[in-house]
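Here is a briefing on one predicted model.

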Amino acid sequence: MALPPILSERLRLPVVAAPLFIISTPDLVIAQCKAGIVGSFPALNARPAAELDRWLERITTELAEYDAANPDSPSAPFAVNQIVHGSNDRLQHDVEMCVKWKVPIVITSLGAKEFVNEAIHSYGGIVLHDIINNRFAKKAIAKGADGLIAVAAGAGGHAGTLSPFALIQEIREWFEGPLLLSGSISNGEAVLASLAMGADLAYIGSSFIATQEANAEQPYKQSLVDSDASDIVLSNLFTGVHGNYLKPSIVAAGLDPDNLPESDPSKMSFGSGGNSSAKAWKDIWGCGQGIGAIKAVLTTQDLVDKIESQYASAKERLMSV
C-alpha cells in the first residue's frame, strides 16, 4: 500500500523525528522540517496550555515562509504528539488547537480514542499511533488510526521490549498501511534496515537530543556522546511505564541503577517522577540503546546530512552484493 502523500512527497529521507518531552520545541521542530524530515513535539511541552496556540502559529508561519522562499525544496510536514491518557487534562484543548492550525500529522500515545482521530480527520490530517505489541496495534487501527509506530526494544523513553523483527513481522501479517519503526535507530544504515524489515519510515529520537537546537542541558547532550548501549537502564520507577534511561543520570540522582524498585503502574505520571522524587526527563534522562552512534553534538541540519550520506552508502553497498 502506498504511503499518503504527506508522508512521502516532501521527505528528503524516510524519517520521522520522535517527539521528545521537554526537549522538542519550535526551534528543533522547524530545523528538522527544513532539513527534510518530519519534525515533531509533544503538545505538553507547550506550557501553559495557551502557549500551544503560539507554538503552532510560529511553526506554521515560519515553515510557510521557508517554502515560499524555497519552492524547489520545501520543508517536510510537522507532527504534534498527544498523550491520550486519563492523566492528561489538556487533551481536549490541545486537540482543538491541532484542528485550528490543521496540524498535518498527529501522533497519539498511551491510549487510543475515536474522538481524537475524528477531529484530526475532519480537516484531512492523519493520525499515527505508537504501540509496543500487536494487540495494541489492532486496537489502534480499529479505533481509527491511519498508521502505526512500532516501538521496539531499545527505544528511548517509554519503550517496548519486543524485537523489531518480531513486532514488524506480526503487524505486517494483517496491516498494509503506514508503519514506522522505533528503537535504536541512530544512523543511515539503521534507517535502511527498518525499510528492509517492512517498515515505511524510521522513527528517530535520541540522536536529536544531541543537537544544538534541542532544549536539553549541555551535560545531557555530552552524556549521550560519552555513553553507549551498556549505559541504558530499563525501568518503570520514574513514570509507572517502562522506559529507557541514561545510567549516569540515575546515579547522579542518588539511586542505584542496578537495584531500582518497581513502580506502581496505577500511579502513572508524566514528568513528576512517578514513585521517585527524581523527575523523569528533567533529572532522569531518557535515551535509547542506539547512542553508540552519537559522536558529537551537531546542528540538526548536519545530523540529517550525516544520516542521508550513511543511508546512500548503505543502499549502494546493498546493491553491490
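Contact means heavy atoms within 4.5 Å. By that rule, and leaving out residues up to four places away in sequence, glycine 160 touches Ile132, Val151, Ala152, Ala153 and Gly154. The model is predicted, so local features need pLDDT of at least 70 and side-chain atom pairs count only at pLDDT 80 or more, while totals for chains, interfaces and linings use all residues. Residues are numbered from 1 along each chain as its sequence is written, and side-chain values use heavy atoms, with hydrogens and water left out. Helices (H or I, at least four residues) and strands (E, at least two) are DSSP runs, numbered from the N terminus.

**Buried loop residues**

- Buried means under 20% relative accessible area, exposed over 50%, and partly exposed in between (1.4 Å probe, protein chains only).
- Glycine 160 sits in the loop between strand S7 (157-158) and helix H6 (164-172). Glycine 160 counts as buried because its relative accessibility is 3%.
- Glycine 160 and asparagine 244 are 84 residues apart in sequence. Their C-alpha atoms are 9.4 Å apart in space.
- Asparagine 88 belongs to the loop between strand S3 (78-83) and helix H3 (91-100). Its relative accessible area is 9%, so asparagine 88 is buried.
- Asparagine 88 touches Leu44 and Ile83, again not counting residues up to four places away in sequence.

**Backbone exceptions**

- Most residues other than glycine have a negative phi, and most peptide bonds are trans.
- Arginine 47 and proline 48 are joined by a cis peptide bond, with omega about 0 degrees. Proline 48 is in the loop between strand S2 (39-42) and H2.
- Isoleucine 22 is not a glycine, yet has a positive phi of about 75 degrees. The loop between strand S1 (15-17) and H1 holds isoleucine 22. At 31% relative accessibility, isoleucine 22 is partly exposed.
- Lysine 102 also has a positive phi, near 50 degrees. Lysine 102 lies in the loop between H3 and strand S4 (105-109). With a relative accessible area of 51%, lysine 102 is exposed.

**Helix packing**

- Two packed helices are described by the angle between their axes and the distance between the axes.
- Axes are lines fitted to C-alpha atoms, for helices over the stretch in contact; angles run from 0 to 180 degrees between N-to-C directions.
- Angles under 35 degrees count as roughly parallel, over 145 as roughly antiparallel, 65 to 115 as roughly perpendicular, and the rest as oblique.
- A crossing is left-handed if the near helix is turned anticlockwise from the far one by less than a right angle, and right-handed if clockwise.
- For residue classes, Ala, Val, Leu, Ile, Met, Phe, Trp, Tyr, Cys and Pro count as nonpolar; Asp, Glu, Lys and Arg are charged; the others, Gly among them, are polar.

*H1 with H2*

- Helix H1 (residues 26-35) and helix H2 (residues 51-69) pack at about 30 degrees, with axes 10 Å apart. H1 and H2 are therefore roughly parallel.
- Pro26, Asp27, Val29, Ile30, Cys33 and Lys34 of H1 make the contact with Trp55, Arg58, Ile59, Glu62, Leu63 and Tyr66 of H2. The contact of H1 with H2 has eight nonpolar, no polar and four charged residues.
- H1 and H2 cross in a right-handed sense.

*H3 with H4*

- The axes of H3 and helix H4 (residues 114-121) come within 9 Å and cross at roughly 15 degrees. H3 is thus roughly parallel to H4.
- The H3 side of the contact is Leu91, Gln92, Val95, Cys98 and Val99, and the H4 side is Phe115, Val116, Ala119 and Ile120. By class, the contact of H3 with H4 has eight nonpolar, one polar and no charged residues.

*H7 with H10*

- Helix H7 (residues 188-197) and helix H10 (residues 300-320) pack at about 55 degrees, with axes 7 Å apart. That angle makes H7 oblique to H10.
- The crossing of H7 and H10 is right-handed. The contact of H7 with H10 has seven nonpolar, two polar and three charged residues.

**Aromatic pairs**

- Rings of Phe, Tyr and Trp (its six-membered ring) pair if their centres lie within 6.5 Å; planes under 30 degrees apart are stacked, over 60 edge-to-face, and the rest tilted.
- The structure holds four aromatic pairs. One of them joins tryptophan 174 and phenylalanine 175, a tilted pair at 5.5 Å centre to centre with 45 degrees between the planes.
- Tryptophan 174 is partly exposed at 30% relative accessibility, whereas phenylalanine 175 is buried at 9%.
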